[in-house]
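Here is a short note for a colleague who is new to this structure. Please keep the 3D view open while reading the points.

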Amino acid sequence: MNHGILSVSSSSSSTRSLVLSTKPWDGMRTGSEPNNNNNNCNTYGDGKFVNKEVVARWRVPMHGQIYEIEFEHGTASGKRVLWIDKQEIFRRDWMFKLVGEDMFRLEDKRCIIRVDPLPGFKYSYSLYVDGKSYEQFTESQAKALKTWEVNLGDNFYRIVLEKNTLNIYVNGKLIEENGEFVDGGTDTTFIEDGNRFVLSARTSGNKRQGIVHALAVNGVPVQDGSGGGSSVASTEDCDEAGDGEWISGVA
């Protein structure tokens, strides 16, 4: 369920209890020059062509969706622009202070993009979500969520199970189906475009492993993938499977 962007603000002061990561990759980009590749040229639904000077890009999993966050920083003008899923959220032109923080909300989470100086007139760009660094937040999400990605013909499905709430999302939409008790656990059945999905929960018998969740589509099991709690479909009905990763580095 998408609650949208709630508010945006900015601050040049440091954020208490946040530790800056100095790694230049894996969710953070450093550099004094804009990232001038093809990913910075976009045509939007209204036909408007936008040439973006993106210096940092993150993919944030939240409530069954993946939000793509892009940040522009003009090192000469101080310009800062925030894009979320190709929608411009804020634009600040001709800022005299080149470093500092910008705050915004992603659904119910408070987020901060922090710009810090590096030697040689370069800058580092860090994202914090709900008081955690990008790496810490995505790591915690990987433990709290179970994800499957399935291609069936021309249809793509991303099924996400929130382990703590047992909510199930299909392509970001919360489904209202209830689980049915069966021997050893529960089965939750839902239909999408005539395809029958069954998400099962079974007791493993191992305290450390706990409950084991599995997904079947049209009676075909979806094999577990690797990479931070994410899974990839591998069935006879699938044309291609996704790469099973919800987190990508900066392009």
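**Notes on the fold and its cores**

1. Start with contact range. This is a predicted model. Of the contacts in the chain with a separation of 6 or more, 43% join residues 24 or more positions apart.

2. Next, the overall make-up. The chain has 21 strands and one helix. Of its 251 residues, 45% are buried.

3. Four strands form an open sheet in the order E4-E5-E6-E7, with antiparallel pairing. Strands E4 (54-62) and E7 (87-92) stand at the edges with a single partner strand each, so one side of each has no neighbour in the sheet. On average, neighbouring strands here are turned by 15° against each other, direction ignored.

4. Look at one pair in that sheet. E4 and E5 (residues 65-73) pair in the antiparallel sense over eight bridges. Val 54 stands opposite Glu 72 in E5.

5. Which residues touch the most other members of the largest nonpolar core? They are Trp 58, Val 60, Ile 69 and Leu 127, in a core of 22 residues. Elements giving two or more residues to this core include E4, E5, strand E6 (80-84) and helix H1 (134-144). E4 gives the largest share, five residues.

6. Take Ile 69 as an example. Leaving out residues up to four places away in sequence, Ile 69 touches Trp 58, Leu 82, Phe 104 and Leu 127, among others.

7. Finally, a second, separate core has 15 residues. Among them are Leu 152, Leu 161, Ile 168 and Phe 190.

Notes:
Residues are numbered from 1 along each chain as its sequence is written. This is a predicted model: local features need pLDDT of at least 70, side-chain atom pairs count only at pLDDT 80 or more; totals for chains, interfaces and linings use all residues. Side-chain values use heavy atoms; hydrogens and water are left out. Buried means under 20% relative accessible area, exposed over 50%, partly exposed in between (1.4 Å probe, protein chains only). Contact means heavy atoms within 4.5 Å. Two strands pair if DSSP finds at least two bridges between them. Axes are lines fitted to C-alpha atoms, for helices over the stretch in contact, and angles run from 0 to 180 degrees between N-to-C directions. A nonpolar core is a set of buried Ala, Val, Leu, Ile, Met, Phe, Trp, Tyr and Cys residues joined through side-chain atoms within 4.5 Å.
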